[in-house]
Amino acid sequence: MLEQTLVEQPHIEQPHIKQHKNSISAQAVLNGEIKGIRRLLPFLGPAFIAAVAYLDPGNFATNITAGSKYGYLLLWVIVASNLMAVLIQALSAKLGIATGKNLPEIAHDRFPKSVSIFLWIQSELVIIATDLAEFIGAALGLYLLFDIPMLPAALITAVGSFAILELQRRGYRSLEAGIAAMILIVVLAFAFQVIVAKPDMGAVAVGMFTPKFEGVDSILLAAGILGATVMPHAIYLHSSLTQNRVVGVNEAEKKQIFKLEFIDIIIAMIIAGAVNLAMVIVSAALFFKNGLVVEDLDVAFQQFGHLAGPVTAISFGLGLLIAGLSSSSVGTMAGDVVMQGFINKRINLYLRRAITIIPPLAIIGFGVNPTKALVISQVILSFGIAFALIPLVVFTSNRQIMGGLVNRKITATLGWIISGLVVSLNLFLVYQIFV
């Protein structure tokens with residue numbers, strides 16, 4: 001046992017050392033020793049990891065379909081979804097800062113054991129569905145870019161996801177830098193596509209700020225966009241990313257930490273929202289304009305090449321690959337958080353990754369249509385949103401739990417309105433698909 005401890009100790013210490021260094025600079029900010037934009041640096045990062053959930057392949061599928069079917073009509077749904085996401089992620093981050101615990105841990109403390117076990121089981125199912133979408137998306141990206149058959153592409157994706165998890169062993173700063181770099185690639189890919197597509201910017205502005213539907217199908221698609229945007233595992237994960245990252249010793253410091261982390265959330269959500277808008281805009285400018293309804297990502301790739309050239313198609317495939325890889329690793333991290341929090345158990349992160357690879361490999365091996373699998377995964381996600389969102393609003397509105405960071409009345413009201421809207425739309429989505 002002593003020999004094993006000695007061997008493993010360097011891997012444990014390094015993240016701790018990096019966290020200590022960051023805490024020193026964060027404390028300097030809290031003490032007023034660092035001014036200007038440099039004050040933000042120790043607090044940037046957690047929201048970028050959570051934001052990866054807003055750029056997963058499920059978003060690609062719903063956004064491309066929305067743009068090809070309705071042009072710029074549903075851009076306002078992306079804007080509204082992102083505004084909701086800002087509040088939801090802010091509540092999750094605030095919970096971790098105020099309590100030093102994550103959402104599943106507080107649920108474990110507050111709810112009966114049977115409820116905690118139920119919440120753990122449903123959250124694991126949701127994360128498996130999430131992982132399915134992300135894993136298939138990354139494999140599909142490899143298939144489209146390099147013509148690698150889906151099963152070998154899935155195995156390559158597995159190797160890539162293990163490599164990203166290795167960043168976590170090097171400390172959270174390495175992980176945040178790696179995830180931020182991957183998000184930057186996706187941003188550049190879609191920025192290039194928007195430039196090439198030459199959208200009607202007047203129509204874009206109208207679509208972004210004019211709430212409107214065209215029939216039941218557009219409402220259904222709007223619900224799908226919202227379901228692909230508000231992800232349960234991102235809610236669980238964000239509270240764990242802030243719970244011990246920078247620890248406030250009193251209420252004043254905790255409030256200051258939250259204000260700085262809120263800026264992190266705003267920046268990350270703006271970036272995620274811009275990419276989602278770009279997906280719809282490009283699809284509208286190329287597909288809708290030419291009378292094409294595109295609901296499969298492989299068809300979208302081919303049409304990008306046909307209408308805008310091979311470089312545009314490659315940028316789409318690359319964005320899909322990177323988004324799938326990064327979001328699958330974040331899903332694995334979220335699985336670790338919910339298991340540790342709800343039932344106080346933990347398994348090796350690499351073993352968890354190996355287990356969660358099995359369902360997508362099986363689906364790919366059976367030859368299931370990748371885009372249809374993505375849609376099914378979004379339906380499963382719909383069931384899990386209420387079980388993450390409602391406890392989040394309940395806990396952050398409880399002064400005994402939150403202290404000085406408790407929700408103000410207007411924040412709590414908005415939280416309940418958004419929870420009701422999100423849950424209702426997702427129930428509508430499930431009803432429409434099955435009935």
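Buried means under 20% relative accessible area, exposed over 50%, and partly exposed in between, with a 1.4 Å probe and protein chains only. The model is predicted: local features need pLDDT of at least 70, side-chain atom pairs count only at pLDDT 80 or more, and totals for chains, interfaces and linings use all residues. Residues are numbered from 1 along each chain as its sequence is written, and side-chain values use heavy atoms, with hydrogens and water left out.

**Exercise 1. Work out how N276 is held among its neighbours.**

Step 1. N276 belongs to helix α12, residues 251-286. Its relative accessible area is 1%, so N276 is buried.

Step 2. Beyond four places in sequence, N276 touches Y54, L55, N59, N63 and I78.

Step 3. Compare chain and space. N276 and I64 are 212 residues apart along the chain, while their C-alpha atoms are separated by 9.5 Å.

**Exercise 2. Which residues line the largest cavity?**

Step 1. Set the rule. On a 1 Å grid over the protein atoms alone, a cavity is a set of points where a 1.4 Å probe fits but cannot get out; lining residues have an atom within 4 Å of a point. Points are joined across faces, edges and corners, and the volume is the space filled by probe spheres set on them.

Step 2. Count and size. The structure holds one cavity of 30 Å³ or more. The largest cavity has about 30 Å³ of space.

Step 3. Name the lining. It consists of V52, L55, M182, I183, V186, A323 and S326. Helices α8 (172-197) and α14 (310-343) each supply at least two of the lining residues. The largest share, three residues, comes from α8.

Step 4. Six are nonpolar, one is polar and none is charged. Here Ala, Val, Leu, Ile, Met, Phe, Trp, Tyr, Cys and Pro count as nonpolar, Asp, Glu, Lys and Arg as charged, and the others, Gly among them, as polar.

**Exercise 3. Classify the ring pair F190 and F316, then trace its cluster.**

Step 1. Rings of Phe, Tyr and Trp (its six-membered ring) pair if their centres lie within 6.5 Å; planes under 30 degrees apart are stacked, over 60 edge-to-face, and the rest tilted. The whole structure has 11 aromatic pairs.

Step 2. The F190 and F316 ring centres are 6.5 Å apart and the planes stand at 80°, so the pair is edge-to-face. It links distant parts of the chain: F190 in helix α8 and F316 in helix α14, 126 residues apart.

Step 3. F190 is buried at 1% relative accessibility. F316 is buried at 0%.

Step 4. Ring pairs join F60, F190, F287, F304 and F316 into a cluster. F304 lies in helix α13, residues 297-308, and is buried at 0%. Its contacts beyond four places in sequence include F287 and F316.

Key
On a 1 Å grid over the protein atoms alone, a cavity is a set of points where a 1.4 Å probe fits but cannot get out, and a pocket is an open set with protein on both sides within 12 Å along at least five of seven lines; lining residues have an atom within 4 Å of a point. Helices (H or I, at least four residues) and strands (E, at least two) are DSSP runs, numbered from the N terminus. Contact means heavy atoms within 4.5 Å.
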